[in-house]
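Keep the sequence and the model in view while reading.

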Amino acid sequence: MAWILLILAGLEEVVAVVAMKHIDGLKRKTPLVVMTLGLAFSIYCLTQAMREIPASVAYAVWTGIGSVGITTLGYVWFKEKLSRGQVASLAILVLSVVALRVTS
């Protein structure tokens, strides 16, 4: 269950960051609420996951899911460019997260 909570925490972080992109200088309230609730839920799930998963592993996986998730959405939805080096770095990050899961 801890790993499910950790994955949820990472995915919710992605939702919060996407909402953050749409806040428009705090003018738009709905994305602000989504971001605030998303970050709160993400931190809650991360905290619960850290009851069973060491903090060092949980935090690395959480940030890895967030980094890969927002980069992927940035590329797909926001048409942001990715260099080959960035793609290679993200692949290494994914492999690192998988290795942390397998070894813990």
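Axes here are lines fitted to C-alpha atoms, for helices over the stretch in contact, and angles run from 0 to 180 degrees between N-to-C directions. Helices (H or I, at least four residues) and strands (E, at least two) are DSSP runs, numbered from the N terminus.

The model is predicted: local features need pLDDT of at least 70, side-chain atom pairs count only at pLDDT 80 or more, and totals for chains, interfaces and linings use all residues. Residues are numbered from 1 along each chain as its sequence is written, and side-chain values use heavy atoms, with hydrogens and water left out.

**Overall layout**

The chain has four helices and zero strands. From the N terminus on, its elements run α-α-α-α. Its C-alpha atoms fill a box of roughly 45 × 35 × 15 Å along the principal axes. Of the 104 residues, 32% are buried. Buried means under 20% relative accessible area, exposed over 50%, and partly exposed in between (1.4 Å probe, protein chains only). Contact means heavy atoms within 4.5 Å. Among contacts with a separation of 6 or more, 70% join residues 24 or more positions apart.

**Helix 1 and its two partners**

| Pair | Angle between axes | Axis distance |
|---|---|---|
| Helix 1 and helix 2 | about 160 degrees | 8 Å apart |
| Helix 1 and helix 3 | roughly 40 degrees | within 8 Å |

Angles under 35 degrees count as roughly parallel, over 145 as roughly antiparallel, 65 to 115 as roughly perpendicular and the rest as oblique. Helix 1 and helix 2 pack at about 160 degrees. That makes helix 1 roughly antiparallel to helix 2. The crossing of helix 1 with helix 2 is left-handed. A crossing is left-handed if the near helix is turned anticlockwise from the far one by less than a right angle, and right-handed if clockwise.

On the helix 1 side, the residues that meet helix 2 include Leu5, Leu8, Glu12, Val15 and Met20. Helix 2 answers with residues including Pro31, Met35, Phe41, Cys45 and Gln48. The residues of this contact of helix 1 with helix 2 divide into 17 nonpolar, three polar and two charged. Ala, Val, Leu, Ile, Met, Phe, Trp, Tyr, Cys and Pro count as nonpolar, Asp, Glu, Lys and Arg as charged, and the others, Gly among them, as polar.

Helix 1 and helix 3 cross at roughly 40 degrees. They are therefore oblique to each other. Here the crossing is right-handed. The residues of the contact of helix 1 with helix 3 divide into 15 nonpolar, four polar and one charged.

**The core**

A nonpolar core is a set of buried Ala, Val, Leu, Ile, Met, Phe, Trp, Tyr and Cys residues joined through side-chain atoms within 4.5 Å. The largest one has 15 residues, and Trp3, Leu6, Leu46, Ile53 and Val61 touch the most other members. Helix 1 (2–21), helix 2 (29–49) and helix 3 (55–76) each give two or more residues to this core. Beyond four places in sequence, Trp3 touches Ile53, Val57, Val61, Arg101 and Ser104.

Val98 is found in helix 4 (residues 84–103). Val98 counts as partly exposed, at 45% relative accessibility. Its C-alpha atom is 8.5 Å from that of Val61, 37 residues away along the chain. Val33 sits in helix 2. Val33 is partly exposed, with a relative accessible area of 47%. Val33 and Cys45 are twelve residues apart in sequence and 18 Å apart, C-alpha to C-alpha.
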